[in-house]
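Colleague: I am new to this structure and would like a close look at its aromatic ring pairs and at the parts around them. Please take me through them slowly, with the cut-offs for each term.

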Amino acid sequence: MSAGVSLKHSVSMLLLELFMFFAFWSLKKWILLGFDKKKKSLVKLRNLCFHGCLSSPLDHLKGYMLTNGGADTLVPEITPTATPQPFLPLPAPSPLSPFTNSTVPKLSGFCVLNFTAAQSLMNMTSIDCWAAFAPLLANVICCPQLHATLVILVGQSSKETGVLALNRTLAKPCLSDIEQVLSGQGAGDNLKQICSIHPSNLTEASCPVKDVDEFESTVNSSELLASCEKIDPVKECCDQVCQGAITDAATRLALKASDLLSIEGPHILPDHSTRINDCKTVVLRWLASKLDSYHAKEVLRGITNCNVNKVCPLVFPKMRHVVNSCGNGISNQTACCGAMDSYVSHLQKQTLITNLQALDCATSLGLKLQKYNITKNVYSLCHISLKDFSLQGWFLSGCLLPSLPSDATFDKFSGISFICDLNDNIPAQWPNLSLLPASSCNKSMYSQICF
């Protein structure tokens with residue numbers, strides 16, 4: 001009897017192990033890289049499942065951050081001088097289920113936003129914020145697209161409601177419904193944490209104006225629309241025609257709080273700059289109500305991208321080892337470059353960045369090193385390029401995302417794709433304090449490196 005039970009148990013375990021084996025391989029990702037004439041690469045990820053299948057996107061992001069544990073097993077140490085090698089597609093068995101995730105969302109029934117009219121926009125956002133890659137594309141693609149989606153949804157609804165904000169009672173269920181719709185189409189289920197989204201992002205917050213009629217009687221709406229209905233994403237970052245019009249309109253709205261204060265008596269109000277920022281969101285919603293969803297998204301992403309490219313999103317660890325090895329005139333080049341390679345490899349575990357962000361990161365790191373009296377150009381000495389500041393892994397070798405707004409794409413056969421630059425080894429520029437521009441805006445630089 002015990003032998004029979006043991007035999008049945010062994011057969012059951014064998015079947016379970018076989019099932020798990022084929023399930024694992026059916027979900028295993030493989031990478032296909034294709035190069036075009038402009039030396040750009042389209043990274044296609046089919047049935048992607050590595051760390052993202054076993055944990056949440058936030059855990060996935062932590063695996064790429066500087067840690068002392070298992071992250072190194074997922075992201076191998078790649079020295080900045082290593083030459084990227086082409087990856088060949090790895091054949092995988094057919095998946096157990098097609099590469100789609102279109103579950104029916106459980107909606108609250110209280111939200112007034114029209115998700116059906118914005119279906120195309122929501123589809124794009126779910127692809128840009130696809131679960132496994134949302135943390136890695138958060139800074140450049142996912143979060144800018146999600147914020148634009150929230151603005152457009154509220155802006156479009158104002159054509160029916162006459163107000164450019166949701167009240168606090170509706171904001172929470174509406175945000176939950178947005179999450180449900182997006183996650184039902186494959187997006188991450190914790191985008192609120194990844195992109196720092198709150199129900200207040202759907203309200204007027206501290207802005208004193210939300211009524212459409214009051215808005216249009218307060219600001220120069222025709223001038224605002226003329227400045228922003230169509231923008232050049234390169235020129236706008238330098239000339240700031242639309243951004244200037246938005247700031248002017250938001251300032252006018254914020255000043256209405258002073259009128260309310262004189263009428264209603266003294267009470268505590270938010271800082272004026274905070275109020276202006278909240279009013280900028282209201283202004284963007286009004287613009288979104290005057291444009292179709294596609295053009296509204298183009299304008300919003302273009303404006304956001306100007307701010308994204310101004311800041312290096314990387315967190316720089318302590319650089320004591322680099323200082324000890326590269327200080328005092330670099331007496332030992334091998335030790336110095338080894339320390340630099342090790343330091344940069346930690347940066348390579350963080351996130352995907354754009355070409356222009358890489359320039360900012362190279363300048364920021366160089367200035368930090370110079371503060372520690374490292375005056376020699378260690379970038380040139382150690383052959384460090386701009387790619388070395390972006391995410392590295394066994395499927396990416398220094399991908400730099402385009403500096404102009406871009407989106408991921410989805411194909412039911414090849415999966416999720418996004419464009420990145422894998423070929424150009426542009427040397428990182430060692431900062432020279434006497435040559436640093438007074439403004440970060442450089443049209444020629446934008447036009448050369450943005451594409």
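Modeller: A residue is called buried when its relative accessible area is under 20%, exposed when it is over 50%, and partly exposed in between, using a 1.4 Å probe and protein chains only. The model is predicted, and local features need pLDDT of at least 70, side-chain atom pairs count only at pLDDT 80 or more, and totals for chains, interfaces and linings use all residues. Residues are numbered from 1 along each chain as its sequence is written, and side-chain values use heavy atoms, with hydrogens and water left out.

Rings of Phe, Tyr and Trp (for Trp, its six-membered ring) pair if their centres lie within 6.5 Å, and planes under 30 degrees apart count as stacked, over 60 as edge-to-face and the rest as tilted. Searching the whole structure gives 5 aromatic pairs. One of them joins Trp130 and Phe133, whose ring centres are 6.3 Å apart and whose planes meet at 25 degrees, so this pair is stacked. Trp130 and Phe133 are both buried, and ring pairs link Trp130, Phe133 and Phe418 into a cluster.

Another pair is that of Tyr379 and Trp430, with ring centres 5.2 Å apart and planes at 85 degrees, so it counts as edge-to-face. This pair links distant parts of the chain, since Tyr379 lies in helix 17 (residues 378–381) and Trp430 in the loop between strand 6 and helix 18 (443–449), 51 residues apart; helices (H or I, at least four residues) and strands (E, at least two) are DSSP runs, numbered from the N terminus. Both Tyr379 and Trp430 are buried.

Turning to helix 4 (residues 119–128), its buried residues include Leu121, Met122 and Thr125. Among the elements that cover the buried residues of helix 4 are helix 5, helix 13 (293–308), strand 5 and strand 6 (415–420).

Ser406 sits in the loop between strand 4 (400–401) and strand 5 (409–411), and counts as buried because its relative accessibility is 16%. Apart from neighbours within four places in sequence, Ser406 is in contact (heavy atoms within 4.5 Å) with Ile141 and Arg301.

Finally, a nonpolar core is a set of buried Ala, Val, Leu, Ile, Met, Phe, Trp, Tyr and Cys residues joined through side-chain atoms within 4.5 Å. The largest such core has 60 residues, and Phe215 and Leu224 have the most contacts inside it. Helix 5 (residues 134–161) gives the most to this core, with 11 residues.
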